Amino acid sequence: MNPTSGRVPVAAGIGLRAPHVRDVLATRPAVAWFEVHSENYFADGGPALATLDRVRADYPLSLHGVGLSLASTDPLDRAHLAKLKRLIARVEPGLVSEHLCWSAVAGRHYNDLLPLPYTEEALDHACTRVAQVQDALGCEVAIENVSSYLAYADATIPEWEFVATLARRTGCRLLLDVNNVHVNATNHGFDADAYMKAMPADAVCEYHLAGFAVTPAGLVDTHGAPVAPAVWRLFERTVATLGPRPTLIEWDTDIPSLATLVAESHRAQHILDPGHGLAA
Ligand SMILES: [Fe+2]
């Protein structure tokens, strides 16, 4: 690996989580890159940032935002963007990403990544906001499709068309969360493969894989379980359709051992490797 370039390789990585930091620094596991939640490193200094610098010395990093409320109708949080820009300058990440969602409105914050109504008005708004964020940060931002448990009665655009058009209009990249596509396809009854085929391959710069929970109301994107067999199969078909990309194993609740995460990343790597699937 060549961490100094900062480029995130077309290989499997894992999320850097607090319980594993000591282990990562001590053992330097065979992982191609790490992704962190940007907001955890917004402080001016302190041990978390010092640790991130040490990890960055040995691995490429991806900064993944969970708190910008990108597509809200509230004004963009300029203080948040300034902190993110400062962190980008410090760690020189290979990827910077945010979610296609809103989390706050009229100053009220929700601890969730809420879906947009997929309408022309919301699409125009999301395009404007993505352009503003890319201008403010001075770099390309990858936008991630979110999981959802409701659809708006006013929606007129299929989710996949909304996401693809956002990328085409703004020139943003896409972080394609394969698990979220599976969860939404199951919850809302659409074809996950049609979704993948609608994605502009040139824009897709990263995949996410994660686990979900099965509930009577539908699938819930918990990031607290191994990647499900159906998601592995969808990932294989997606890689065959759109091509290999840097791929993250996301695990945020009921966090397993570092060895388990590394093993999941190696399974993803096997699917990314050249020649995979050719004999099938
Ligand atoms: Fe994700």
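Me: Which strands form the closed barrel, and in what order does it run?

Reply: This is a predicted model in which local features need pLDDT of at least 70, side-chain atom pairs count only at pLDDT 80 or more, and totals for chains, interfaces and linings use all residues. Residues are numbered from 1 along each chain as its sequence is written, and side-chain values use heavy atoms, with hydrogens and water left out. Strands (E, at least two residues) and helices (H or I, at least four residues) are DSSP runs numbered from the N terminus, and two strands count as paired if DSSP finds at least two bridges between them. With parallel pairing, the eight strands of the closed barrel run E1-E2-E3-E4-E7-E8-E9-E12.

Me: Which residue of E8 is the bridge partner of Glu144?

Reply: Strand E7 (residues 142-144) runs parallel to strand E8 (residues 173-177), and three bridges join the two. Within this pairing, the E8 partner of Glu144 is Leu175.

Me: What angle does the direction of helix H9 make with that of E1?

Reply: Helix H9 (residues 258-272) packs on the sheet and touches strand E1 (12-15), strand E9 (204-209) and strand E12 (247-249), contact being taken as heavy atoms within 4.5 Å. The direction of H9 makes with that of E1 an angle of about 150°.

Me: Which residues cover the two faces of E4, and are they buried or exposed?

Reply: In strand E4 (residues 95-99), five of the five residues are buried, so the strand is largely enclosed by the rest of the structure; buried means under 20% relative accessible area, exposed over 50% and partly exposed in between (1.4 Å probe, protein chains only). Leu95, Ser97 and His99 lie on one side and Val96 and Glu98 on the other, and all of them are buried.

Me: Which residue of E4 is the bridge partner of His64?

Reply: Strand E3 (residues 61-64) pairs with E4 in the parallel sense, over three bridges. In E4, His64 has as its bridge partner Ser97.

Me: Which residue in the turn between E5 and E6 has a positive phi?

Reply: Strand E5 (residues 102-105) and strand E6 (residues 108-114) run antiparallel and are joined by three bridges, with Ala104 standing opposite His109. The two strands form a hairpin with two residues between them, and the positive phi, about 55°, belongs to Ala106.

Me: How are H2 and H3 oriented to each other?

Reply: Helix H2 (residues 47-58) and helix H3 (residues 78-91) pack at about 40°, with their axes 11 Å apart. Leu49, Leu52, Asp53 and Arg56 of H2 meet Leu87, Arg90 and Val91 of H3. Angles under 35 degrees count as roughly parallel, over 145 as roughly antiparallel, 65 to 115 as roughly perpendicular and the rest as oblique. H2 and H3 are therefore oblique.

Me: How far apart in sequence are the parts that Arg17 and Asp252 tie together?

Reply: Arg17 and Asp252 form a salt bridge, their closest N and O atoms 2.7 Å apart, where a salt bridge is a side-chain nitrogen of Lys or Arg within 4 Å of a carboxyl oxygen of Asp or Glu. Arg17 lies in the loop between E1 and helix H1 (21-27), and Asp252 in the loop between E12 and H9, so the pair ties together parts whose separation in sequence is 235 residues.

Me: Which helices hold Asp193 and Arg237?

Reply: The side chains of Asp193 and Arg237 meet in a salt bridge at 2.7 Å, N to O. The pair links distant parts of the chain, 44 residues apart, with Asp193 in helix H7 (residues 192-198) and Arg237 in helix H8 (residues 229-242).

Me: Which residues does His182 contact, leaving aside neighbours within four places in sequence?

Reply: His182 is found in helix H6 (residues 178-188) and is buried, its relative accessible area being 15%. Apart from those neighbours, His182 is in contact with Phe212, Leu219, Ala230, Val231 and Leu234.

How values were computed:
Axes fitted to C-alpha atoms, helices over the stretch in contact; angles between N-to-C directions.
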